[in-house]
Amino acid sequence: MARLLFLLLLSRFLPNPGFAQSLSTPYEGPIIDMHLHADRGTSMQDWEGVLQGLETHGVVLSVLSVDDSARVHRHENPPARFQVGPAFPCYEGRFPKMDPCFEEGDGWPSLDWLRDQYESGRLRTMGELIYVYYGIPPTDRRLASYWELAEELDIPVGVHVGRGPPPQGRTEGCCPHFNDDLGDPSLLVPILQRHPDIRIWLMHAPGWDYVEEAIALMHAYPNVYAEMSIINSIMPQEMHEAVLRAVLDAGLGDRIMFGSDNMPIGPIIERIEAVPFLSEEQKRAIFYGNAAQFLLLNEEEINGHHGL
């Protein structure tokens, strides 16, 4: 009976199979943000502003990328609820914003340290994997042990896909081997074939240049989800709606998730609310239900998020 009640509760925040294309009332429930960076290139005052934005807009859980071991401990008991994961690999121990990144491993976190962090519960996700900035494909042998660890411990992995910022938009000194072509989601096929049980979410996906590739990957692998940060914030609203429509028409509305990538949350919510073809069920799925499903949240966590 308890399991049945849990499934009924979760179903309230997942899309119905018909995906009715109708206007709906504004969403007023909790939100899960699948793409947030800890203090990335900001002062603590700015970071406090980020936290306030989460609180103001009902973000009950954020997947938080950290780029060194010290930040893990710094965010163990934050004022907002986080699932923390390491961002890597970083070229020569520097994150793309040029702050230190796992310097002790030249930009790579220790596997032994990671295992300890996951088994203790201090880390719960892996990513953002930014191999596109490092200039290597996901099949590079240096990443193999990290994929293996994620599958073994059932750790969800967030992967940077799509093209990154143009050279003039990168921090001086950043990533001399950056390779846009490595943001192609189809490059993950060998990883998913080798690790069939791994959970992967595509970050700022499907992208405006790899939409077909992302949709094909998600069709082939039901354990692949996507969040649409950047597309849902700085890209034109028409582009955002076109990409969203393509994913819904492909029957993948149950695997789209909300993400901010540290952009202001309020305007993103407004843009999603303004999409004329999204139903109330679809909004609930994007804002909360799909991520709750992907992250395997339990009944207690879901109840807590809804104040039940």
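Here are some friendly notes on the structure above, going from the whole protein down to single residues.

1. **The overall picture.** Please keep in mind that this is a predicted model. The protein has 308 residues, and 56% of them are buried. Its secondary structure consists of 12 helices and eight strands. The accessible surface is about 13100 Å², and carbon and sulfur atoms account for 51% of that area.

2. **The nonpolar core.** Which residues touch the most other members of the largest nonpolar core? They are W147 and L202, in a core of 96 residues. As general background, nonpolar side chains in soluble globular proteins tend to be buried together.

3. **A look around L202.** Leaving out residues up to four places away in sequence, L202 touches V159, V161, P185, L188, A214, L217, M218, V224, Y225, A226 and E227. Of these names, A214, L217 and M218 will come back in the next point, as they are among the buried residues of helix α8.

4. **Helix α8 and its buried face.** Helix α8 covers residues 211–220, and its buried residues are V211, A214, I215, L217 and M218. Why do they line one face of the helix? Seen down the axis of α8, the buried residues fall within an arc of 160°, so they sit along one face.

5. **H37 in strand β1.** H37 belongs to strand β1, residues 31–37. Is H37 buried or exposed? Its relative accessibility is 2%, so H37 counts as buried. The side chain of H37 makes a polar contact of 3.1 Å with the side chain of H35, and another polar contact, of 3.5 Å, joins the side chains of H37 and D261. Beyond four places in sequence, H37 touches W47, L64, S65, F95, E128, D261 and N262.

6. **H305 in helix α12.** H305 lies in helix α12, which spans residues 299–305. H305 counts as buried because its relative accessibility is 10%, and the cut-off for buried is under 20%. Apart from neighbours within four places in sequence, H305 is in contact with P30, V60, L61, R81, Y288 and L297.

Key: Residues are numbered from 1 along each chain as its sequence is written. This is a predicted model: local features need pLDDT of at least 70, side-chain atom pairs count only at pLDDT 80 or more; totals for chains, interfaces and linings use all residues. Side-chain values use heavy atoms; hydrogens and water are left out. A nonpolar core is a set of buried Ala, Val, Leu, Ile, Met, Phe, Trp, Tyr and Cys residues joined through side-chain atoms within 4.5 Å. Buried means under 20% relative accessible area, exposed over 50%, partly exposed in between (1.4 Å probe, protein chains only). Contact means heavy atoms within 4.5 Å. Helices (H or I, at least four residues) and strands (E, at least two) are DSSP runs, numbered from the N terminus. The arc is that of the directions from the helix axis to the C-beta atoms. Accessible areas come from the Shrake-Rupley method with a 1.4 Å probe; for residues, only the protein chains shown count as cover. A polar contact is a pair of N or O atoms within 3.5 Å; within protein, one must be able to donate a hydrogen and the other to accept it, and residues adjacent in sequence count only if both atoms are side-chain atoms.
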